[in-house]
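Work through the exercises below with the sequence and the 3D view open. Try each task before reading its solution.

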Amino acid sequence: MKLIYIPIVLISVCLNAIAQILLKKGASSLNFDRGLYLLVECLKNFYLWSGFLCYGLSILIWIYVLSKMNVSLAYPFLSFGFVVSIFLANIFFGEPITFYKIFGITLICLGLVVLSLSRG
């Protein structure tokens, strides 16, 4: 396994997590009771479009990653998105970081270290 691709994987995963935050921000400003006008609101929503852009970039990078790495190693790195999203949600939405979240983050990171040591 070429460790050189792990930073590229992490860029894709971080873009995906950022997309989640942007979509949450955009969705929070929508009024879902407005019927057809909701579509107009979505089309004018900067945060939704930014989230879509981040998703698109993360997918393009992910396609590149899959062309270079084994799926069995690359795919588990998507779990790092949980780590990134917990911290971003705390920063942007004030969502609490609890002991159990820290414990889960620790387990995720340890698992990723073990997987990155894999030769297959």
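The accessible surface of the protein comes to about 7800 Å², and 73% of that belongs to carbon and sulfur atoms. Such areas come from the Shrake-Rupley method with a 1.4 Å probe; for residues, only the protein chains shown count as cover.

This is a predicted model: local features need pLDDT of at least 70, side-chain atom pairs count only at pLDDT 80 or more, and totals for chains, interfaces and linings use all residues. Residues are numbered from 1 along each chain as its sequence is written, and side-chain values use heavy atoms, with hydrogens and water left out.

**Exercise 1. Describe the overall build of the protein.**

Step 1: take the elements. The protein has six helices and zero strands. Helices (H or I, at least four residues) and strands (E, at least two) are DSSP runs, numbered from the N terminus.

Step 2: take the extent. Along the principal axes, the C-alpha atoms fill a box of roughly 55 × 35 × 20 Å.

Step 3: take the burial. Of the 120 residues, 31% are buried, meaning under 20% relative accessible area, where exposed is over 50% and partly exposed is in between (1.4 Å probe, protein chains only).

Step 4: take the contacts, which are heavy atoms within 4.5 Å. Among contacts with a separation of 6 or more, 70% come from residues 24 or more positions apart.

**Exercise 2. Work out how H1 packs against H3.**

Step 1: find the geometry. H1 and helix H3 (residues 46–68) pack at about 160 degrees, and their axes are 8 Å apart. Axes are lines fitted to C-alpha atoms, for helices over the stretch in contact, and angles run from 0 to 180 degrees between N-to-C directions.

Step 2: name the arrangement. H1 and H3 are therefore roughly antiparallel. Angles under 35 degrees count as roughly parallel, over 145 as roughly antiparallel, 65 to 115 as roughly perpendicular and the rest as oblique.

Step 3: sort the residues. The contact of H1 with H3 has 19 nonpolar, seven polar and one charged residues. Ala, Val, Leu, Ile, Met, Phe, Trp, Tyr, Cys and Pro count as nonpolar, Asp, Glu, Lys and Arg as charged, and the others, Gly among them, as polar.

**Exercise 3. Is Ser12 buried or exposed?**

Step 1: check the accessibility. Ser12 counts as buried because its relative accessibility is 4%.

Step 2: list the neighbours. Leaving out residues up to four places away in sequence, Ser12 touches Ser58, Ile61 and Trp62.

**Exercise 4. Which residues does Leu30 touch?**

Step 1: Leu30 is buried, with a relative accessible area of 12%.

Step 2: list the neighbours. Not counting residues up to four places away in sequence, Leu30 touches Leu38, Glu41, Cys42, Asn45 and Leu48.

Step 3: check one distance. Leu30 and Cys42 are twelve residues apart along the chain, and their C-alpha atoms are separated by 7.5 Å.
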